[in-house]
Structures are given as structure tokens and as C-alpha cells.
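Hi,

Here is the structure I promised to pass on. Have a look at it first, and then read my notes on the disulfides below.

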Amino acid sequence: MSRLGTAGLALALVLLAVTLAGVRAQGTALEDPDYYGQEIWSREPYYTRQEPELESFSPLLPAGPGEKWEPRPQEPRPSKKATNPKKAPRREKSAPEPPLPGKNSNKKGMKTRGSEKAASDDHRVRVAHEDVRESCPPLGLETLKITDFQLHASTAKRYGLGAHRGRLNIQAGINENDFYDGAWCAGRNDLHQWIEVDARRLTRFTGVITQGRNSLWLSDWVTSYKVMVSNDSHTWVTVKNGSGDMIFQGNSEKEIPILNELPVPMVARYIRVNPQSWFDNGSICMRMEILGCPLPDPNNYYHRRNEMTTTDDLDFKHHNYKEMRQLMKVVNEMCPNITRIYNIGKSHQGLKLYAVEISDHPGEHEVGEPEFHYIAGAHGNEVLGRELLLLLVQFLCQEYLAHNARIVRLVEETRIHILPSLNPDGYEKAYEGGSELGGWSLGRWTHDGIDINNNFPDLNTLLWEAEDRQNVPRKVPNHYIAIPEWFLSENATVAAETRAVIAWMEKIPFVLGGNLQGGELVVAYPYDLVRSPWKTQEHTPTPDDHVFRWLAYSYASTHRLMTDARRRVCHTEDFQKEEGTVNGASWHTVAGSLNDFSYLHTNCFELSIYVGCDKYPHESQLPEEWENNRESLIVFMEQVHRGIKGLVRDSHGKGIPNAIISVEGVNHDVRTGWSWASQPTSRCRGSF
């Protein structure tokens, strides 16, 4: 009886702990005064709990011995775009046998509900019988966690259309006939074609997501398919719908991802997709992702090699706009002496663009203390950068409280500004679609259809035309180039978010900055616009090229993957020749980029940091992505202290504002400015 009583007590305690952990604290709504400018939030308790710092940053814990992660109770809704299919194809090349009445239909990109009848248990393939349907994360085709060696296909048209290209959201090269095409395409169009994934361990498969071929010229996608599983890759069991093979409805166009859930999760090592019909006049081509929960296997070599854990106690989840503000509020309450929350303006839809300042004297510019900024979310669907900056805010606060000497020194000697979401309108669209169903572009632009990253004034052309004319004296300076009048007019096609960032950068004397983007793994430095107007790619260095190359390398070299020569390219470009860095113009030309504008209009050196192949990774991938980028984020901030800084005074000891500082051999000057305390201060040149 004593043993039974002890067990009962332990069970009760466990249930109580689980219940308490599952309670989401509620908070009062933030006041939302309608004004433009800086805004310091009140520090009244936001969450109804006594110690927010102990609960708000709890990482996800395994749900049980047979699960890798714990799904959140509310899944993101599919995007409105995904729920409105385009015109149906004219006709399909289909199998001789008609689809069964119980087939899974998913034309609208929503989760399908298959029959709950058990599939066949033949050939040692197990069916996972569960009372509550489990939603598993992606295996990692899009994030490259699944290697090329784990992907196989029956046939392929050519190497560039092999199984290794059958990854969700993979992008084709400019020339689609090279090694980097936009899908797996079968060598023949018949019912015997398949693409297969080797999970390398027993896995509970729960769903398949498919797309068509990424191509500007061709229309290729699969409209229906079967799914098979196996433990040895020789004997296969087809997923059933009652007594017959189940036919899953595929895509109705080539870009919107379509999710089909298996009627009952299947436990096996291999999973195979067997196309049954495809778009008329097209070919069997597809990109895909597999949803599955790997089963525990401590003896599995591949699992141990790829396993990534983190000891940081942070809030690893995707935050919508309201949750982002709540998180900022909690951090401000934890570290009120070093943090300040303010907004720099509003989005097209009226959402405030919130920034977090981290400094030992928040709200005050200190003479001689450099200003640094991180920006993320200019493209609303590039979500990883947004979450990395929210994690960074938490990390800096926690480590400062823990008296981490490195972080304390950084906070006390730097004024750090972090703007996690420059395009919150676009993010909300991407958030509705979710990490897998949003596609490659949903939410990229602002609500009024503007790409913020390319929406700044083109100052490069003004400078280069003046240099070509060899005006003496110069009518156009080589720095602090004025914004053209047409750009400042109300009728100009300029996003509200762009205007807010420009005003922010003109108000604060930033020295160094990084804007986090996604879809690639590289650091790009200016110029981003080619100097030869007839070219689309051309190495176009700035006068401070050696400085920019070092800054880019400081981030890339400390990232866990960027400079790894063994890693697979994300899509088509291999950046290893420059150690994970690239001159923007030599990659693809862009007029009016943030990097070029920052360099030519202010004293700030700005770089674009592409933090991951997957723009919107699944929530379960955030701890690993944090580990990949954490050291780089800190090291890059520390570079703001390299270079020259000081005060420029006249013979009477008074500061001289707007004094031009030139470095011999560098055709790009900088100038001093007035601090907020009405004292002159120079800004770092960054010449090492």
C-alpha cells in the first residue's frame, strides 16, 4: 500500500506540473496611444504571475518517450490565397483505373481528413493507433536536414531534375537547363514513377506536402498520387482507404503547397510518393516535404550526428504581432534598467513598428558610444530573422542579469537597437499560411505590394554620373548624398515602412547595422547595384570594400554552416569561393537597396545577412537555428568597436558638427554629428 500511495502521489504531482505548465498566462492589453515617435511602455505587470522571467522563456520539452516535440494547441490557419484555387486544368493524364470514392481531396491547401480505418499491417509496417491525432513536424527536405543521399527516384530527366531537387520551395537557376532546376522530374510519364525518402530510422509518418515545378517557362505538377511505406525499401505497403489504395489529391498549380494527411499515421523507415496523374501537356514533376516524428533510437548513428540541443532557456516559438509585443514587454520587465521599447512609425495597415533598445542608459545617446542596429522582416515571409532577433533580445537580457562579462561589456559600451519586424503586415499573411503552406512568396511584400528591401532611393546612379562627368568642384558629394525631391513627395511609390526606416536612420547616428533576410545562407555586402547598366551581375565594390569584406566574414566565419565547404547549396548558388560572403551586385543587381542607401546617405555600414535556406522554418527547428546564428549575431555586434572614434573640436575646445573626415586613399568620407545631448560626436569610420 505504501508503494501504491507513493506512486499515486507522484502521478498527482506530475499531472499538477503538466497542468501548470500548460496554463498560458493572460495579460491586459497594451495601451495603444495613437501618436508617432518614441513610446516607453509602462512597467506594470503584464502577465498574471509573480515571476515572468521564470516561465515566459521555457523551451519546448518532449511530449513523451515516443515524440520529438510537443505540438501547440492551435495550428496556423491556411492562407486565404491557398484556399482559393485557380482555374482547374483542362484535363489530366490519369491512371486507367478511376480514383476511389474515398480519395483524399485537397485542392484548397487545407488539411485533409482521410478515413480513420487502419491500413494494412503486412510486411512489418506498423500503424500508429492513437486516440488523439498527432501532428508531426517536417523531416527537413526544405531545411536540408534530409541529405541528397536520402532521396531516391525511379527515373529523372537529367541530373538537374534528380531526386535531390525534389525539395519543397526549392528555386530553379536563371538557366533552367543547368544542374540547378526547380523540381524532381521523372524520366518517363507513366504510373511506375516514384520519389522516395529514407528517414534512416523508424519514423511515424503523418503527412505529405507537395508543389509543382519552379519554372518561368513550363507548367509541370502532379495532380494525384499514392503513398507507400516500407522498412527495407523492397517490400512496400500502400496507404489504404478502406480496402483499396488511397488516392491523394495533388496540386492544381505549381507554387501553392498542398498538404495531405495520412488517414492513420504509419511507422516505417522509408516513404514513397507514386504519381497517378499530372497536368495536361506537362510532365511528372514535384517538390515535396514529409511530415514525420522520428522514433527514439539512441543507437542510430545518423540521429546522434544530426541531433542539436540548446541550453538557452528561451521562448522557441513563432510569435504573431500581439505575441511579439507581449514578449518585448516581458523582457522590459525583466531588464528595466537596460531596455526600452519604442516605435519608429506605422505600417500601411497601422501596425506600429516596435524596436527594442538595449543599453546601460536606455533612451540616451552617450558621447563616444557607437550605435548599432539589427533589422529583420523587411520581407514579411522571411520569418527566421524575426525570431532570431526576438531570441537575441531575450538572451542579452538573461545573460546581463547572469553577469556574463562579455554581454555586460557589450551592453555597457554599445547602444543596441533591434527592430524584429519591419513588415508586420506581410508577416501576418505568412503567419496565416504557416511554415509549410505559405509557399515561397506569400507575405513577402507590404500590404500595398511594395518590396521594402528595394524601395530606397537610388543614390548610386547620382554618385556615378557625377564621377563620370568629373565635376570640379563636386556637385554631388561622395557621402551624405541627399535624397531626391521626387522621392520625398507624397505621390512617390514609397512604402510607409520605408519612410519610417529612413527617418529612424537619419535621427540616430548608426555606425553599423545588419538586416536579416532568408532563403539563402550568405552575407551580402554593398554595392548591390551594378555600375554597368547593361549587366545583371558585376562585382561592384565600394571604396571601403576591404572593410565590408571583413564585416561579412566576421558573421559568416562564426556561423555553424556558412563556411562549411561540405554543406549543400540552398538553391543554385555556391558561395564557398568567398567563404560564405558575396558582393551584392555580383550576385544579382538591385537598385535602391537598404545597404547602398545606408552607406551613401548616412555613416552606417549596412550588410544583408541571409540566415537560412528555409525562409519560414518549422517551430521545432528554431533551437537549432538559434545555435547556428547565436555566436555570429554577437560577434557582428562587437565589430562596431573596431575602427576610429572620437571628438572633433575647434581651437576653443568646442565641438564641430558636420565636420568632414577623409581617409587618404578612400573615396568615401564621413562626418561628425550632434548627439542627442547637444554635444558633437564623430562616428566610426570602420577602417581597420
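Before the rest, some housekeeping. Keep in mind that this is a predicted model, where local features need pLDDT of at least 70 and side-chain atom pairs count only at pLDDT 80 or more, while totals for chains, interfaces and linings use all residues. Residues are numbered from 1 along each chain as its sequence is written, and side-chain values use heavy atoms, leaving out hydrogens and water.

Back to those two cysteines. Cys 185 and Cys 285 make a disulfide (a pair of cysteine sulfur atoms within 2.5 Å), with their sulfurs 1.9 Å apart. Cys 185 sits in strand β4 (residues 184-185) and Cys 285 in strand β12, so this pair ties together parts that are 100 residues apart in sequence. Strands here are DSSP runs of E with at least two residues, helices are runs of H or I with at least four, and both are numbered from the N terminus. The S-S torsion of Cys 185 and Cys 285 is about 115°, so the link is right-handed.

How many disulfides does a search of the whole structure find? Four.

Strand β12 (residues 285-294) also holds Cys 293, whose partner Cys 136 lies in the loop between β2 (126-127) and β3 (151-153), so that link joins parts 157 residues apart in sequence. The sulfur atoms of Cys 136 and Cys 293 are 1.9 Å apart, and at -115° about the S-S bond the link is left-handed. Both Cys 136 and Cys 293 are buried.

Further along, Cys 570 and Cys 613 are bonded too, again with sulfurs 1.9 Å apart. Their S-S torsion is about -60°, so the disulfide is left-handed. Cys 570 is in the loop between α11 (545-556) and β19 (581-583), and Cys 613 in the loop between β20 (605-612) and α14 (622-638), so the pair connects parts 43 residues apart in sequence. Cys 570 is buried at 4% relative accessible area, and Cys 613 counts as buried at 10%.

Taking the bonded cysteines in sequence order, the pairing reads 1-4, 2-3, 5-6, 7-8. One more cysteine for your notes: Cys 604 is buried, with a relative accessible area of 1%.

Cheers

Notes: Buried means under 20% relative accessible area, exposed over 50%, partly exposed in between (1.4 Å probe, protein chains only).
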